[in-house]
Structure formats: C-alpha cells, structure tokens
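Here is a short tour of some side-chain interactions, written for someone who likes to check the atoms. Please keep the viewer open as you read.

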Amino acid sequence: MDFLIASAMAQDAGAQEPSMLASLIPLILIVVIFWFLLIRPQMKRNKQHRELVSGLSVGDEVVTAGGMLGRITEVGESFVSLQLNKDVTIKLQKHSVAQVVPKGTMDSAH
C-alpha cells in the first residue's frame, strides 16, 4: 500500500502556479466593466450639467435641485437670482439648477 502514497505525492509536486498575466486578467476585466457601467455614464451626466449651467440666461424657467420652480432674473458668475412668484426672489448657486423647463411652465403651474 505504501507504493500508492508515494506516487500520489510525486504527482502533486509537478503542479505549476498560474502565470502573472492569468491572475491579472480578472482584475483588468473588472476595471473595464466599472468604466463602461459606472464611470463613463457619470462623466457624461456631469458634462451635460456643466453645459446646462453655463447656458443659463435671464428669462429661463428652471427647477432647482430642491424642487423649486422659478424664472431667472439675474445671472452672476456663480449665483443666479430666481423669482419664485411676483413677490419672492431668492439667490442660489448655479449648480443647484437641476433642469431648464419650457417657457410657460411656471404660468401653467399656478
């Protein structure tokens, strides 16, 4: 029976470790998947928001990140004045603007 054990140990000694490239392929694959599913779409959304903020002008009707609807009355370098109704005007950061809505939306919302 001892001859079976000796041959089993001899076979185990011949096993080789995987190559460096084979161990890096799963990591590279994960990075590529994260890039296309998470990072790239977020970069596109950020670019679209920067373009939206840079294109703000007086008279645009916007919705803020907090959900307030108003009309822009003044545009500064980093702040805008937003008229919520005829008596209430607030100042907020440009980056707080979530979207520009079609003109007339504010009148139809009241």
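A salt bridge here is a side-chain nitrogen of Lys or Arg within 4 Å of a carboxyl oxygen of Asp or Glu. In this predicted model, Glu74 and Lys91 form such a pair, with N and O 4.0 Å apart. Glu74 sits in strand β2 and Lys91 in strand β4, so the bridge ties together parts that are 17 residues apart in sequence. Glu74 is partly exposed at 45% relative accessible area, while Lys91 is exposed at 57%.

By this rule the count comes to four salt bridges, including these:

| Pair | N to O distance |
|---|---|
| Glu74 and Lys91 | 4.0 Å |
| Glu61 and Arg71 | 2.7 Å |
| Lys103 and Asp60 | 3.7 Å |

The Lys103 and Asp60 pair links distant parts of the chain, 43 residues apart. Lys103 counts as exposed at 61% relative accessibility, whereas Asp60 is buried at 12%.

Now for another lysine: is Lys94 buried or exposed? Lys94 counts as buried because its relative accessibility is 12%, under the 20% cut-off. Lys94 lies in the loop between β4 and β5, and a polar atom of its side chain is 3.1 Å from the backbone oxygen of Gly76. Among the contacts of Lys94 beyond its sequence neighbours within four places are Leu56 and Val80. Leu56 and Val80 are both members of the largest nonpolar core, which has eight residues in all.

Technical notes
Residues numbered from 1 in each chain as written. Predicted model: local features only at pLDDT ≥ 70, side-chain atom pairs only at ≥ 80, totals over all residues. Heavy atoms only, no water. Helix = DSSP H or I, 4+ residues; strand = E, 2+ residues; numbered from the N terminus. Buried < 20%, exposed > 50% of the residue type's maximum accessible area, 1.4 Å probe, protein only. Contact = heavy atoms within 4.5 Å. Polar contact = N/O pair within 3.5 Å; in protein donor to acceptor, adjacent residues only side chain to side chain. Core = buried A, V, L, I, M, F, W, Y, C linked by side-chain atoms within 4.5 Å.
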